[in-house]
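Please read the text alongside the structure shown here.

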Amino acid sequence: CFDLDKFEVKKYDEETVFIKIDGADAALLIGKEGYRYNALNYMMYNWVNQKYGFKVRLEIAEFLKSQEEMLRNFLAPFIEKVRVRGYGKTKPFNGILAFLALEILREALPDKYVALRERGDEKYVVIGDRHADYSSNSDS
């Protein structure tokens, strides 16, 4: 029922499979504010991970790429702040944004402890020196 003409599945890294879907109706799979994308990504991840043991990197009509670019721009001042102070905590992120932020921050700060934390439905990233206790770090 959707006009989709591009389906690509390939290895992204040792633990992740890359799935790309595109076509005239691809935006319908993303939905308003990415809610359908998040739901589809969640379902695909759970199925692929349970059946094959891989993580999923889902790209629909450059949505993931644009989200990653937006997030890199958003996190740039935060990364500089962490480099000066040595630690930090992001604002809460929804859906795939939390995992993208984790990936971006680990890439930008390879010498730091960078971990995803959850409080209720909120996911955020904490950064600090390796082997330290960040359970009470609330500074962002």
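## Pockets

The largest pocket holds about 750 Å³ of space. A pocket here is an open set of points on a 1 Å grid over the protein atoms alone, where a 1.4 Å probe fits, with protein on both sides within 12 Å along at least five of seven lines, and lining residues have an atom within 4 Å of a point. The model is a predicted one, in which local features need pLDDT of at least 70 and side-chain atom pairs count only at pLDDT 80 or more, while totals for chains, interfaces and linings use all residues. Residues are numbered from 1 along each chain as its sequence is written, and side-chain values use heavy atoms, with hydrogens and water left out.

Of the 23 residues lining the largest pocket, Tyr45, Lys55, Val56, Ile96 and Phe99 lie nearest its centre. At least two lining residues come from each of β1 (6-13), α2, β3 and α4 (96-108), these elements being DSSP runs (helices H or I, at least four residues; strands E, at least two) numbered from the N terminus. By class, the lining of the largest pocket comprises eleven nonpolar, five polar and seven charged residues.

The second largest pocket has a volume of about 260 Å³, and among its 16 lining residues Glu33, Asn38, Gln67, Asn94 and Leu97 are the closest to its centre. The helix α3 gives the most to this lining, with five residues.

## Salt bridges

Eleven salt bridges are present in the structure, each being a side-chain nitrogen of Lys or Arg within 4 Å of a carboxyl oxygen of Asp or Glu. Glu62 pairs with Lys20, with their closest N and O atoms 3.2 Å apart; this pair links distant parts of the chain, 42 residues apart, with Glu62 in the loop between β3 and α3 and Lys20 in strand β2 (residues 16-22). Lys20 is buried, at 13% relative accessible area, whereas Glu62 is partly exposed at 33% (buried means under 20% relative accessible area, exposed over 50%, partly exposed in between, with a 1.4 Å probe and protein chains only).

Within helix α3, Arg83 and Glu80 are separated by about one helical turn because they are three residues apart, and the closest N and O atoms of their salt bridge are 2.7 Å apart. Arg83 is partly exposed, with 46% relative accessibility, and Glu80 is likewise partly exposed, at 44%. Salt bridges that share partners also join Arg57, Glu68, Arg72, Glu103 and Glu107 into one network.

Terms used
Grid points are joined across faces, edges and corners, and a volume is the space filled by probe spheres set on the points. Ala, Val, Leu, Ile, Met, Phe, Trp, Tyr, Cys and Pro count as nonpolar, Asp, Glu, Lys and Arg as charged, and the others, Gly among them, as polar.
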